[in-house]
Amino acid sequence: IPDRSRYTISLWVRIPKDAPSNESTIFGIRNNSVLNEHITLSWNPDETLGSYGAFRIGYNSGFVIGTTPINDGAWHHIAVNGVQGPDTQMSTHLRQYVDGHLEEVSAIQDASLMPAESTEGPVQFTGFEFDREMPFRGTIDEILIVGGRTLRPSAIYDLYSLNQLPY
């Protein structure tokens, strides 16, 4: 992502109903030049914390869990809008969308979003937890990563409903 001060990540996923919880991470991005900075997109594998199976965004030690299960065998469009900078928090500067709609939050562990000073670092798109590798059980399609700006909610809805790029 060339400019991660503002970004949108959007993709389609289909996760089988019988996907095991240790195969929940869809993909992750890690910045090797900033100690321990990473973001993961997954479904929530913890039945005791928030909505089980809902879209989960992890950032360093924090997370935000939505309410809509995405591990039901159907195709779902998921997206995240993020803004990073001084004094930004997950609770106020990350928004998650499922099937074109802004998600309610079922659980959160807030964390500071570190300023994006460097963009060096590998991207791995299947089941990468950074402390262990696990295969992702599911299908991913039409990944869109936009750096330097966030997409408007109407553009995210159009990606879901019309399958149209916002530009």
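**Notes on a helix, its sheet and a few pairs**

1. Let's start with Tyr-157 and Tyr-160: they sit about one helical turn from each other, because they are 3 residues apart in helix α2 (residues 153–161). Helices here are DSSP runs of H or I with at least four residues, strands are runs of E with at least two, and both are numbered from the N terminus.

2. A quick word on the model. It is predicted, so local features need pLDDT of at least 70 and side-chain atom pairs count only at pLDDT 80 or more, while totals for chains, interfaces and linings use all residues. Residues are numbered from 1 along each chain as its sequence is written, and side-chain values use heavy atoms, with hydrogens and water left out.

3. Now the rings. The structure holds 3 aromatic pairs (rings of Phe, Tyr and Trp, taking the six-membered ring of Trp, with centres within 6.5 Å; planes under 30 degrees apart are stacked, over 60 edge-to-face, the rest tilted). One of them joins Trp-43 and Tyr-52, with ring centres 5.6 Å apart and planes at 85°, so this pair is edge-to-face. Trp-43 has 0% relative accessibility and so counts as buried, whereas Tyr-52, at 33%, counts as partly exposed (buried is under 20% relative accessible area, exposed over 50%, partly exposed in between, using a 1.4 Å probe and protein chains only).

4. Back to our two tyrosines. Tyr-157 and Tyr-160 are also an edge-to-face pair, 5.9 Å centre to centre with 65° between the planes. Tyr-157 is partly exposed at 36% relative accessibility, and Tyr-160 is partly exposed at 29%. Together with Trp-12, Tyr-157 and Tyr-160 make up one aromatic cluster.

5. Which residues of α2 are buried? They are Ala-155, Ile-156 and Leu-159. These three lie on the same side of α2, because they cover an arc of only 100° around the axis (the arc of the directions from the helix axis to the C-beta atoms). Their cover includes β1, β6, β7 and β11. Just after α2, Asn-163 has a positive phi of about 55°.

6. Next, the sheet. Its 5 strands run in the order β8-β7-β6-β1-β11, forming an open sheet with antiparallel pairing (two strands pair if DSSP finds at least two bridges between them). At the edges are β8 (101–102) and β11 (139–147), each pairing on one side only. β11 and strand β1 (residues 6–14) are antiparallel, with 7 bridges, and Ser-10 has Leu-144 in β11 as its bridge partner. Helix α2 packs on this sheet and touches β1, β6 (75–83), β7 (94–98), β8 and β11 (contact means heavy atoms within 4.5 Å).

7. Have a look at β4 (residues 54–59) too: 6 of its 6 residues are buried. It runs antiparallel to β5 (residues 62–69), joined by 5 bridges, with Ala-54 partnered by Pro-69 in β5. The hairpin has 2 residues between the strands, and Asn-60 takes a positive phi near 50° there.

8. Finally, where is the salt bridge? Glu-23 forms it with Arg-137, and the closest N and O atoms are 3.2 Å apart (the rule asks for a side-chain nitrogen of Lys or Arg within 4 Å of a carboxyl oxygen of Asp or Glu). Glu-23 is in the loop between β1 and β2 (25–31) and Arg-137 in the loop between β10 (123–124) and β11, so the pair ties together parts 114 residues apart in sequence. Glu-23 counts as buried at 13% relative accessibility, while Arg-137 counts as partly exposed at 34%.

How values were computed. Axes fitted to C-alpha atoms, helices over the stretch in contact; angles between N-to-C directions.
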